[in-house]
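Please read the following report alongside the sequence and the model. It treats the strand pairings, a sheet, a ligand shell and a helix pair in turn.

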Amino acid sequence: MATSIQLEKIVKRFGSHEVVHGIDLAIDPGEFTVFVGPSGCGKSTLLRMIAGLEEISGGELRIDGERMNEVPASKRGIAMVFQSYALYPHMSVYKNLAFGLETAGYKKAEIKQRVQGAAEVLQIEPLLQRRPKQLSGGQRQRVAIGRAIVREPKIFLFDEPLSNLDAELRVQMRVEIARLHQTLGNTMIYVTHDQVEAMTMASKIVVLKEGRVMQAGRPLDLYNAPANQFVAGFIGSPK
Ligand code: ADP
Ligand code: MG
């Protein structure tokens, strides 16, 4: 049921400025892949191209083998979670979760079922009637993830979703997201500049630098056999 993603020689140019220089990558169904690298290396741009929020300048993106380059974002079966979880302040949590489905024309019963399902997975059932300002940072982040879940996407993309949270909460939410992946089994890509987050969460790590893949593989393999100084330094493996 889960979905594979293939990137073939993916290039991104903003005007004449090339920021992603031909990335090849295969993501297996159900994998939890982490893109990690310093600020400005192209993590968000890559994620946005996969989601269809940014045009692909060159190369091919395929989902389950099917070319996606020209497919609009809404037709890709992808949901994205950002760090700035802009919840609607005047709406209850229930409404925040339901709103996107209502505008998409889903029936009331279907919406209720999906919202209840997401609330159960995220353990926010007691919060459904609250307003966002009555929630903690971690609870708000859960609601933001809930908005992705109710859409029942094939693929989840996370762009540094925890970077606004304090250290303790970040650790807690890492565990939550790992649990979410175990529960749902979807293919997920998670972007972070935090090495610890990458090492602890990933089934596959992709280390990026200046728009290129430095190394991709299992966390322990990168740790034990870094391809170069950059990976070694970034992952923190002994030289
Ligand atoms: P990261 O998410 O890894 O921090 P980004 O993907 O945001 O990196 O950015 C990669 C590079 O592309 C950076 O040099 C950034 O300045 C550039 N960039 C990103 N978005 C735009 C844009 N809309 N216009 C021009 N340059 C951009
Ligand atoms: Mg970014």
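R62 stands opposite R67 in β5, and β4 pairs with strand β5 (residues 66-67) in the antiparallel sense over two bridges, where pairing requires that DSSP finds at least two bridges between two strands. Helices (H or I, at least four residues) and strands (E, at least two) are DSSP runs, numbered from the N terminus. The model is predicted, with local features requiring pLDDT of at least 70 and side-chain atom pairs counting only at pLDDT 80 or more, while totals for chains, interfaces and linings use all residues. Residues are numbered from 1 along each chain as its sequence is written, and chains are lettered from A and ligands numbered from 1 in the order in which they are written.

β4 and β5 form a hairpin with two residues between them, and D64 in the turn has a positive phi of about 50°. The pairings described here are listed below.

| Strands | Sense | Bridges |
|---|---|---|
| β1 (residues 5-14) and β4 (residues 58-63) | antiparallel | five |
| β4 and β5 (residues 66-67) | antiparallel | two |
| β3 (residues 32-36) and β9 (residues 204-209) | parallel | four |

An open sheet of six strands, with mixed pairing, has the order β6-β7-β8-β3-β9-β10. β6 (78-82) and β10 (212-217) each have a single partner strand, so one side of each of these edge strands is left without a neighbour in the sheet. Within the sheet, T33 stands opposite K204 in β9. Helix α1 (residues 43-51) packs on the sheet, touching β3, β6, β7 (155-159), β8 (187-192) and β9, and its direction makes about 155° with that of β7; axes are lines fitted to C-alpha atoms, for helices over the stretch in contact, and angles run from 0 to 180 degrees between N-to-C directions.

α1 also gives the most to the shell around ligand 1, with three residues. That shell consists of F14, V19, G37, S39, G40, C41, G42, K43, S44 and T45, each counted if its C-beta atom, placed from the backbone, lies within 6 Å of the molecule.

Helix α2 (residues 93-103) and helix α3 (residues 108-122) pack at an angle of about 135°, with their axes 10 Å apart. The contact is made by Y94, L97, A98, L101 and E102 of α2, together with I111, R114, V115 and A118 of α3, contact meaning that the C-beta atoms of two residues, placed from the backbone, lie within 7 Å.
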